[in-house]
Amino acid sequence: MDTIEQVVDIATADGPMAAPTSRPADGGAHPAVIVIQEVFGVNANIEGIVQRFAQEGYIVAAPDLYHRAGRLRSIPYDKLQEMRDEMRAGGYGDASIDMDVQATIDYLRSDPNVGAIGIVGFCLGGRVSMQSAIRAKGLSAAAIYYGGFMFPADDQPEAFSVLREAEALSIPVVGFFGEEDQNPTPEQVRTLDEHLTALGKEHEFHVYAGAGHGFFCDDRAGHRPEASADAWEKTLALFAAHLR
């Protein structure tokens with residue numbers, strides 16, 4: 001499917017936020033997907049995922065959650081420790097995440113060609129997608145890829161906690177995790193699975209043997225092609241069922 005790529009600026013209370021977008025070139029109505037970055041930012045890998053969803057018939061946007069530190073900056077894979085704090089400067093946190101995701105939803109909803117909206121995120125973006133599935137208004141389904149830091153310690157009551165906030169979840173969620181991951185650990189994934197089941201929340205989790213954190217990213221050594229292909233098909237199935 002032919003697609004059209006464009007970087008747009010989405011208005012937020014903290015200034016314009018760039019978002020690479022892609023959509024089918026037919027000019028028709030389509031459901032939408034918000035793609036949330038890894039901790040490394042909106043880099044070439046994330047832009048590639050944006051285009052993959054557009055080729056499947058979605059209108060897609062990837063908001064730059066680090067926009068307060070500069071326009072579309074990203075962290076090289078080998079520079080995370082040196083640049084993490086710099087990229088999160090200017091007030092990045094749960095409040096800015098909520099603001100930026102809601103602004104992206106509102107931007108998409110202003111487009112008469114956009115139908116139902118889903119969200120998908122990877123690594124940091126997995127956590128953001130779960131947070132947004134619970135807190136944001138206007139989403140219809142969410143896919144969570146190995147979201148880290150969803151289980152803060154009890155002495156961090158201000159931080160987003162999926163266990164504390166899960167009662168407010170009202171959309172279907174599918175989650176993908178690596179058996180060798182330590183953030184989240186398999187035990188944490190089981191605990192969340194049992195918690196959501198007890199609450200009666202619609203969800204489906206998949207844990208892949210031989211896979212660790214970041215297994216979907218084909219730019220890194222931890223990429224696992226078979227797990228990635230399976231997760232991709234299950235993500236498309238979720239969105240086909242709930243967005244179309």
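**Close-up views of a predicted model**

**View A. R23 is partly exposed, with a relative accessible area of 25%.** Buried means under 20% relative accessible area, exposed means over 50%, and partly exposed lies in between (1.4 Å probe, protein chains only). This is a predicted model, in which local features need pLDDT of at least 70, side-chain atom pairs count only at pLDDT 80 or more, and totals for chains, interfaces and linings use all residues. Residues are numbered from 1 along each chain as its sequence is written, and side-chain values use heavy atoms, with hydrogens and water left out.

**View B. D111 and R23 form a salt bridge.** The term means a side-chain nitrogen of Lys or Arg within 4 Å of a carboxyl oxygen of Asp or Glu. Here the closest N and O atoms are 2.7 Å apart. The pair links distant parts of the chain, 88 residues apart. D111 sits in the loop between α3 (94-109) and β5 (114-122), while R23 belongs to strand β2. Helices (H or I, at least four residues) and strands (E, at least two) are DSSP runs, numbered from the N terminus. D111 is buried, at 17% relative accessible area.

**View C. Strands β1 and β2 run antiparallel.** Strand β1 covers residues 3-10 and strand β2 covers residues 17-24. Two strands pair if DSSP finds at least two bridges between them; these two are joined by 8. Look for V7, which stands opposite P20 in β2. The hairpin has 6 residues between the strands. There, G15 takes a positive phi near 105°. In a regular strand, side chains alternate between the two faces of the sheet.

**View D. R73 forms a salt bridge with E86.** Their closest N and O atoms are 2.5 Å apart. This pair, too, links distant parts of the chain: R73 is in the loop between β4 (59-61) and α2 (80-87), and E86 is in helix α2, 13 residues apart. R73 is partly exposed, with a relative accessible area of 28%. E86 is also partly exposed, at 38%.

**View E. R127 forms a salt bridge with D94.** The closest N and O atoms are 3.0 Å apart. R127 lies in helix α4 (residues 124-135) and D94 in helix α3, so the pair ties together parts that are 33 residues apart in sequence. R127 is buried, with a relative accessible area of 11%. D94 counts as buried at 17%.

**View F. D14, R68 and D100 are linked in a network of salt bridges.** How many salt bridges does a search of the whole structure find? The search finds 10.
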